[in-house]
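Subject: Structure handover

Hi,

Here is the structure I promised you. Please open it alongside this note, and my findings follow below.

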Amino acid sequence: MLVLNLNYVPLNICTVRRAVVLVGKGKAELMENHRGEIRTVTSVIDVPSIIRLVYMVKKPFLPRKLSKKEVFLRDRFTCQYCGKKTQDLTLDHVIPRRQHGSHTWENVVAACNRCNLHKAGRTPVEANMVLHKEPRAPDPNPYLILQNRTILEEWLPYIPWTVRG
Ligand SMILES: [Zn+2]
């Protein structure tokens, strides 16, 4: 079930049981019911579909994990040296590892095979190559929690159309 932060931004997805407990304890309010009911020993409760926390959870978003795929996505599958868009990419350390370049968002870019071969363990200055733009960490995406999840119709008003697909 969709859990919204106090400011209505989706926070996570939880089980029906957990949602009922949060509402029951007064930690969240019910925003929307889903189809159906749950029977407990003492009562019949509507199945919640969306709940909203009554307090603000700060910094709930995990920073994006550094991986080859994430770097290629950030760089839009474009070689950061020659600007060619290709699926044939490698992960390039701007300051090479053997020159103690770090394995961080700020020191890795997508590079095509050709540029990678040409650069060959040198810094861009040594290889006389120019980066298209300064690499940096991508913004943490608050809607990442919804990736590969079934999104219920009643959740849509709380989700920007750009992340629905
Ligand atoms: Zn290239």
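The donors of the zinc ion are spaced C-x2-C-x29-C-x2-C along the chain. They are the SG atoms of Cys79, Cys82, Cys112 and Cys115. Each lies 2.2 to 2.3 Å from the zinc ion. One caution before you read on: this is a predicted model.

What is the arrangement of the four donor atoms around the zinc ion? It is tetrahedral, because the angles they subtend run from 105 to 114°. The tetrahedral class asks for all angles between 85 and 135 degrees, so this site qualifies. For reference, the ideal angle for four tetrahedral donors is 109.5 degrees. As for cover, Cys112 and Cys115 are both buried.

Now the overall fold. The protein chain has four helices and six strands. Read from the N terminus, the order is β-β-α-β-β-α-β-β-α-α. The chain has 165 residues, and 34% of them count as buried. Its accessible surface is about 10900 Å². Carbon and sulfur atoms supply 53% of that surface. Take the contacts with a separation of 6 or more: 59% of them are between residues 24 or more positions apart.

Next, the charged pairs. The count of salt bridges is three.

Glu29 sits in strand β3 (residues 28–39) and Arg52 in strand β4 (residues 44–53), so the pair ties together parts 23 residues apart in sequence. Are the two partners buried or exposed? Glu29 is partly exposed, because its relative accessible area is 33%. Arg52 has a relative accessible area of 14%, so it is buried.

Then there is Lys119 with Asp92. Here the closest N and O atoms are 3.2 Å apart. This pair links distant parts of the chain, with Lys119 in helix α3 (residues 113–119) and Asp92 in strand β5, 27 residues apart. Both Lys119 and Asp92 are buried.

Asp75 and Arg74 make up the remaining salt bridge, at 2.9 Å from N to O. Their side chains are also joined by a polar contact of 2.9 Å. Both residues are buried.

Where is Asp75 found? It is in the loop between α2 (68–74) and β5 (89–93). The cut-off for buried is under 20%. Setting aside neighbours within four places in sequence, Asp75 is in contact with Gln80, Val109 and Ala110.

With a relative accessible area of 43%, Val54 is partly exposed. Which residues does Val54 touch, not counting those up to four places away in sequence? They are Leu6, Gly26, Lys27, Ala28 and Glu29. Val54 and Glu29 are 25 residues apart along the chain, and their C-alpha atoms are separated by 6.7 Å.

Best wishes

Key
Residues are numbered from 1 along each chain as its sequence is written. This is a predicted model: local features need pLDDT of at least 70, side-chain atom pairs count only at pLDDT 80 or more; totals for chains, interfaces and linings use all residues. Side-chain values use heavy atoms; hydrogens and water are left out. Donors are N, O and S atoms within 2.8 Å of the metal (3.2 Å for Na, K and Ca); water is not among the atoms, so sites may look incomplete. Four donors count as tetrahedral if all angles lie between 85 and 135 degrees; four count as square planar and six as octahedral if opposite donors are over 155 degrees apart and all others between 65 and 115; anything else is irregular. Buried means under 20% relative accessible area, exposed over 50%, partly exposed in between (1.4 Å probe, protein chains only). Helices (H or I, at least four residues) and strands (E, at least two) are DSSP runs, numbered from the N terminus. A polar contact is a pair of N or O atoms within 3.5 Å; within protein, one must be able to donate a hydrogen and the other to accept it, and residues adjacent in sequence count only if both atoms are side-chain atoms. Contact means heavy atoms within 4.5 Å. Accessible areas come from the Shrake-Rupley method with a 1.4 Å probe; for residues, only the protein chains shown count as cover. A salt bridge is a side-chain nitrogen of Lys or Arg within 4 Å of a carboxyl oxygen of Asp or Glu.
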